Amino acid sequence: MSHVQYVENPDVILIGSGVMSANLGVMLKLLEPRLSIQLYEVADGLAQESSDGWNNAGTGHAGICELSYTPTREADGSVKVAKAIEIFEQFEQSKQFWSYAVSSGLIDNPKEFINPVPHLSFVHGEAQVDFLRARYAGMKVHHFFREMEYSTERDTIALWAPLLIEGRGSVPIAATKMNGGTDVNFGALSRKLLKWFERQEGCGIARGHRVVGLRKVNSTWEVRAEYLAAGEVHTNRAKFVFVGAGGGSLPLLQTAGIPEARGLGGFPIGGQWLTCDNTEIVGRHQAKVYGQALDAAPTMAVPHLDTRILDGRRTLLFGPFAAWTTKFLHKKGRFTDLPFSVRSDNLLTLMKIGFSNLDLVRYLIQQGTQSMADRLKVLHVFYPAAKIDDWKLIDAGIRVQAIKKTDGRTGIVHYGTEVITDADHSISALLGASPGASVSVNIMFKVIKKCFPHLLASPHGRTQMKTMIPTYNEDIKLAANSERFYAAHQHADEILQLI
Ligand SMILES: Cc1cc2nc3c(=O)[nH]c(=O)nc-3n(C[C@H](O)[C@H](O)[C@H](O)COP(=O)(O)OP(=O)(O)OC[C@H]3O[C@@H](n4cnc5c(N)ncnc54)[C@H](O)[C@@H]3O)c2cc1C
């Protein structure tokens, strides 16, 4: 395929080639084969930013192991698990769509992007053990988490994940384990989906094109993209634009000037991993192990010890550690991104955020100034016998946390994902990063529902939707129907070769 394919005056323009645009582009084309779609990507390669396998943790977020989705304890001591159930259901939709893509021959070899890896939650100390026991009791009764196991026994936990036990003292510990967890290479998945996309009639990808301007002219969007290799600006027009530019979405939204973007700000938090290539150690760990947040760490910075399957081999990542940055993108970002995003309409919110989140500010300063020995201390919480020589520090992706004004409050740092859509439903942009890629299919489905309702209403669209995501209809939630869940879950997992 050519490096640059132009589709003039398409129906849809997608900005960015990460997992969001990749899913959206393919879903739209399947729902309406006559749609013409242009995708612009600033990098020469596809999905090289947050979606790339090395830039995120690759956890198929399903609420199994992430304690941050079940933070609340009720007065009676029970733990609220509704959020975990919601994320699980959304990840099931992702698996349904990707398994459809495999079974219909749209993409191949699921092992290259998704693999089964048990998900563990691991805690230490009386209070945390008590919490995990209550969480387990709340989750185990739901059919989504029926397979979950719980133990406080060192011998049992050593069978699940031996590194957690080696060299550990006598402090009480507990863990839950579920074999149905996954490791996902979202970059590989995006590239597979886009390989199909760019072969379709009326679809084109222009790599090496940085979108620099978005302007509404009458009822269409004029998009200006700079072809970096040639130093030329390519101007195009479409009725609908999706800004899936990851960290680059906020500046583009600001350029678009829609009222819905007024007051929005972004705050970048860089990420770093410790990675281990010692095959003897890597071979003894086969799990994703999540713990409790340390100190004032934001939920998305809760460290975890992860088996990863990347580029056909197994490796071990620990982190993420936060890092200071003013860039909004890891590879194609500029140090001026943060200062240039400060506008008169968001300056006050940004300043107030700084003052009202001093814990977060202190946490970032502490993270940014820590040494390798400090990082090893954190790793020792999970793997007490870890030795510094087996680990090296690498960069992960950057998350630009959406900052917005809220009613009655001066502003909040929004850790979730936020889809901003204008009143005409002619432009949508995705901000934020969590739970992110895992629930990209659900997020993109919501964009389609809002901005392309006619596609879902047509006889072809309805049938196609049912074939792609059999349980997309919110009236038949898997969370409320165990039989339907088991059938759909088994089917998707078989095709994705997870069982
Ligand atoms: C450290 C870390 C760990 C994470 N862990 C997980 C996890 O375990 N599980 C999970 O589900 N999610 C995780 N996430 C979140 C997940 O990675 C993101 O939600 C997801 O990848 C976002 O996809 P995207 O398509 O929106 O953005 P991206 O993948 O960043 O893609 C945006 C694309 O837009 C391009 N672009 C930007 N600006 C322009 C422009 N002006 N013109 C043209 N192109 C442009 C970029 O080059 C890039 O290719 C993690 C994120 C980070 C940073």
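The model is predicted: local features require pLDDT of at least 70, side-chain atom pairs count only at pLDDT 80 or more, and totals for chains, interfaces and linings use all residues. Residues are numbered from 1 along each chain as its sequence is written. Helices (H or I, at least four residues) and strands (E, at least two) are DSSP runs, numbered from the N terminus.

**Ligand shell**

- There are 43 residues around the ligand, and Gly16, Gly18, Gly246, Gly248 and Gly436 come nearest; a residue is near a molecule if its C-beta atom, placed from the backbone, lies within 6 Å of it.
- By residue class, the shell divides into 19 nonpolar, 19 polar and 5 charged residues. Here Ala, Val, Leu, Ile, Met, Phe, Trp, Tyr, Cys and Pro count as nonpolar, Asp, Glu, Lys and Arg as charged, and the others, Gly among them, as polar.
- At least two shell residues are supplied by each of helix 1 (19-31) and strand 9 (209-217).
- Helix 1 gives the largest share of the shell, 3 residues.

**The open sheet 9-10-11**

- Three strands in the order 9-10-11 form an open sheet with antiparallel pairing; two strands pair if DSSP finds at least two bridges between them.
- Strand 9 and strand 11 (232-238) are the edge strands, each pairing on one side only.
- From one strand to the next, the twist averages 20 degrees, with axes taken as lines fitted to C-alpha atoms and angles running from 0 to 180 degrees between N-to-C directions.
- Strand 9 is joined to strand 10 (residues 220-227) by 8 bridges. Within this pairing, His209 has Tyr227 as its bridge partner, and Val211 has Ala225.
- The hairpin of strand 9 and strand 10 has 2 residues between the strands, and Asn218 in its turn has a positive phi of about 55 degrees.
- Strand 10 is joined to strand 11 by 7 bridges, and Glu226 stands opposite Val233 of strand 11.
- In the hairpin of strand 10 and strand 11, 4 residues lie between the strands, and Gly231 in the turn has a positive phi of about 65 degrees.

**Strand 13 and its partners**

- Strand 13 (residues 265-276) is mostly covered, with 11 of its 12 residues buried; a residue is buried if 20 or more other C-beta atoms lie within 10 Å of its own, exposed if 12 or fewer, and partly exposed in between, with C-beta atoms placed from the backbone.
- Strand 13 runs antiparallel to strand 16 (residues 313-323), joined by 6 bridges, and Leu274 stands opposite Phe318 in strand 16.
- Strand 13 also runs antiparallel to strand 17 (residues 391-395), with 5 bridges, and Gln272 has Asp395 as its bridge partner there.

- Helix 5 is mostly covered, as 11 of its 12 residues are buried. Among them are Phe186, Leu189, Arg191, Lys192 and Trp196.
- The buried residues of helix 5 pack against helix 1, helix 2, strand 7 (182-184) and strand 8 (203-206), where contact requires C-beta atoms, placed from the backbone, within 7 Å.
- Helix 12 (residues 440-451) has 12 residues and reaches 16 Å from its first C-alpha to its last, close to the expected 16 Å.
- The buried residues of helix 12 include Val441, Ile443, Met444, Phe445 and Cys451. Their cover includes helix 1, helix 2 (82-103), strand 12 (240-243), strand 20 (418-421) and strand 21 (427-431).

Technical notes: The expected span of a helix is 1.5 Å times one less than its number of residues. Two residues are in contact if their C-beta atoms, placed from the backbone, lie within 7 Å.
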